Structures are given as structure tokens and as C-alpha cells.
Amino acid sequence: MVKLRIDGIDIEALEGMAILEAARLKGIDIPALCYHPKLSPYGGCRLCIVEIKGMPRPVTACTTTVSEGMEVRTTSPYIERLRKTNLDLLLSDHPYDCMVCQKAGECDLQDLAYQYGIREPRFKGERRIYTKRDGNPFIERDMEKCILCGKCVRICDEVQGVSAIDFAYRGLKTKVCPPFERDLDCEFCGQCVMVCPTGSLVGKNWIGKGRARNVGEVNTTCPYCGVGCSLTLHIKDNKIIRVSSKEDSVVNEGMLCAKGRFGYDFVASPDRLKTPLIKRNGRFEPVSWDEALDYISKRLKEIKEKYGPDAIGGLSSARCTNEENYLFQKFMRAAVGTNNIDHCARH
């Protein structure tokens with residue numbers, strides 16, 4: 001352990017830990033737009049600058065590690081002036097369309113602009129203008145709103161291992177894009193959307209459905225496979241308008257696949273089955289659960305008595321939890337008496 005002092009508070013931190021992480025463990029807030037605990041240090045936004053006693057100039061807290069006896073100041077009139085200038089530079093090349101931006105109310109850049117009272121940037125000049133929009137089916141990529149924090153690039157490379165996007169060009173023309181600026185064609189896990197601090201990356205099927213205000217949240221479990229990822233459903237007018245996941249989720253730590261993040265339209269589908277059906281006279285008829293279960297039990301007994309247990313087979317589902325699949329195979333083996341049990345995703 002390393003002992004240091006941050007804003008006059010004595011702190012013990014693990015050797016090799018960044019100043020930013022050590023400060024946040026003690027509830028000391030240092031603004032940062034390019035930092036994420038799952039990603040390698042980057043130091044691109046320059047908003048987490050701090051002063052260290054004995055050093056001639058400020059350093060970035062996300063890339064500077066703690067050391068024994070270090071004394072850190074996270075805020076001062078000088079530091080706040082530098083942060084505001086850096087933020088002003090970011091905003092000078094950013095669209096001012098917060099009134100219609102999907103991320104309004106949840107945008108880290110917007111929150112910092114509010115905190116530092118920046119109504120319009122002081123710096124004028126050329127801005128990036130991109131007329132082309134990505135034609136992929138899931139993610140809206142508005143690169144005019146990109147602040148080049150690199151979080152999307154790093155999470156795609158370091159966490160997902162896909163490397164579907166990267167930085168291209170130089171200087172003012174620098175942008176994040178797929179190879180040869182083609183439309184994004186990847187796994188569409190949406191991890192890049194999760195870490196984006198601005199409205200540069202959002203789900204296409206979220207747009208126009210509702211923003212942070214008057215939107216409720218319901219925590220649940222993803223129904224698509226047995227892993228059991230935690231979901232947060234964003235609900236407005238009794239409809240799911242977006243899906244996210246909290247980073248403190250035990251199973252998936254905020255990460256989701258394409259199905260979990262974008263595949264929720266089936267919930268409101270008019271074709272969705274809402275009650276059991278029994279086929280009578282060549283037509284399916286809706287029945288109660290009690291009637292359906294009684295019918296299943298009766299037919300299983302009849303088949304077992306007439307043809308034996310091995311005349312019955314069970315096919316389990318990848319959408320069930322591991323526990324549910326275990327109970328189903330136990331039912332087939334112990335209650336029905338057959339080993340004819342299979343799973344749709346076993347291969």
C-alpha cells in the first residue's frame with residue numbers, strides 16, 4: 001500500500017493505482033471524459049489535470065500513478081481555469097443541438113458545460129462537418145459530436161477484441177470510423193454506445209422515443225440465454241424505449257450483447273403469445289395455465305403407459321436460465337424416466 005495526501009486527506013492506495021482512482025475511492029470528484037475503469041489510461045481529454053507538490057506543471061490524474069508521500073491538489077483557481085479552457089476547446093468543435101440530442105440529460109459533456117457555465121465557446125474557427133450518416137441497422141454514429149476521447153475504440157479493442165473501429169486521418173480531420181469509412185459492420189454489442197460520454201453514439205431505435213426525463217427504470221434479467229446478464233429497462237408510457245445495464249452488475253458488469261441491448265421489440269409485438277394454446281379440431285384455442293398443465297400431464301402419462309418413457313423426448317431452451325434447464329433435465333430423467341433430453345444450443 002502507498003500513503004499519500006489528496007486535498008489534505010490522508011489516503012492509502014494500492015501501488016500502481018492512478019491518482020484519479022484513488023481520489024474517487026474517497027469520494028473526491030475529478031472530472032474526466034476519456035477515463036473508464038475497464039480501459040487502459042489515455043489522458044486525451046485533459047480534464048482530470050491535478051497539481052502535485054514538487055512537480056513544475058499539472059499532470060493528468062488518470063495516467064499518473066500514486067507514490068509514497070505524494071501530495072495532490074485536485075482543484076484550485078489555476079486548475080479550474082485550465083479545465084474550463086480545455087472544455088471550451090472541446091465545445092468549440094461540437095454541435096450546439098442539445099435541445100434535440102438523444103443524450104440530453106445523460107451527456108457528460110453537457111453536465112460539465114453546465115458545471116463550468118459555458119454558454120457558447122470562446123474559440124471560433126473551422127468545425128468538422130460530416131454529411132454522411134452510417135447506414136448500419138443499430139447504432140447512430142454522429143461524428144460531429146465526437147470528442148475523440150477514444151473510449152469506443154479502446155473498449156472495442158481491449159474488451160471485445162473486435163477492433164471494428166479506430167482513429168483515422170490527422171489534425172482537425174481526425175475521426176473514429178470503420179476501415180475505409182464503410183458502414184459499421186460488427187457484432188453490434190453496443191459497448192461503444194455504453195461508454196460514449198456524448199451523443200455521438202446512440203441506439204437508432206432509441207431516437208425520438210424519450211430521453212432521461214419522465215423515463216422510469218426497471219432492473220431485470222436478460223431473457224435471451226442462460227448467462228443471466230442484468231438489464232435496466234428504460235420505460236416510458238408503459239413501453240420499453242431503451243435497454244442498458246449498470247456497471248456494478250455482478251454477472252456482466254454493464255456489458256451486453258446485441259440481443260440484450262437492442263433486441264427488445266418482441267415485448268410489444270402484436271404477434272407475441274400471451275396465453276397457452278391447445279390445438280383442438282385443427283385450430284389453436286387459448287386456455288388457462290391450469291388447463292394447459294393438466295393437459296400436458298395427462299398426455300405424458302398416457303404416452304408413457306402405452307409406449308414407455310423413451311417414447312418421450314424433451315428439448316430445452318437457451319433462453320432459460322441454467323437453473324431452469326437443470327430442473328427440466330431433472331424432470332425428464334427422474335419424473336418421466338428417460339434420458340431423451342437435448343438443448344437447442346448444445347453445438
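Visitor: Which residues are buried in helix 8?

Guide: This is a predicted model. In its helix 8, the buried residues are Asn325, Gln329, Met332 and Val336.

Visitor: What covers them?

Guide: The cover over the buried residues of helix 8 includes helix 7 (289-307), strand 15 (314-316) and strand 16 (341-343).

Visitor: How many residues does helix 8 have, and what is its reach?

Guide: Helix 8 runs over residues 322-336 and has 15 residues. From its first C-alpha to its last it reaches 20 Å, which is close to the 21 Å expected at 1.5 Å a residue.

Visitor: And what follows helix 8?

Guide: Gly337 follows helix 8, and its phi is positive, near 95°.

Visitor: Turning to helix 4, which of its residues are buried?

Guide: Helix 4 spans residues 151-159, and its buried residues are Lys151, Cys152, Val153, Arg154, Ile155 and Cys156.

Visitor: Where is the positive phi just after helix 4?

Guide: Gly161 takes that positive phi, with a value of about 70°.

Visitor: Now cysteines. How many disulfides does a search of the whole structure find?

Guide: The search finds zero disulfides. Cys149, for instance, is in no disulfide, and the nearest cysteine sulfur, that of Cys152, is 6.2 Å away.

Visitor: Is Cys149 buried or exposed?

Guide: Cys149 counts as buried because its relative accessibility is 8%, and the limit for buried is under 20%.

Visitor: One more topic: what is the strand order in the open sheet of three strands?

Guide: The order is 10-11-12, and the pairing is antiparallel. Strand 10 (216-221) and strand 12 (239-244) are the edge strands, each pairing on one side only. From one strand to the next, the twist averages 35°.

Visitor: How many bridges join strand 10 to strand 11?

Guide: Six bridges join strand 10 to strand 11, residues 230-236, and the two run antiparallel.

Visitor: Which residue in strand 11 is the bridge partner of Thr220?

Guide: The partner of Thr220 in strand 11 is Leu231.

Key. Residues are numbered from 1 along each chain as its sequence is written. This is a predicted model: local features need pLDDT of at least 70, side-chain atom pairs count only at pLDDT 80 or more; totals for chains, interfaces and linings use all residues. Side-chain values use heavy atoms; hydrogens and water are left out. Buried means under 20% relative accessible area, exposed over 50%, partly exposed in between (1.4 Å probe, protein chains only). Helices (H or I, at least four residues) and strands (E, at least two) are DSSP runs, numbered from the N terminus. Two strands pair if DSSP finds at least two bridges between them. Axes are lines fitted to C-alpha atoms, for helices over the stretch in contact, and angles run from 0 to 180 degrees between N-to-C directions. The expected span of a helix is 1.5 Å times one less than its number of residues. Contact means heavy atoms within 4.5 Å. A disulfide is a pair of cysteine sulfur atoms within 2.5 Å.
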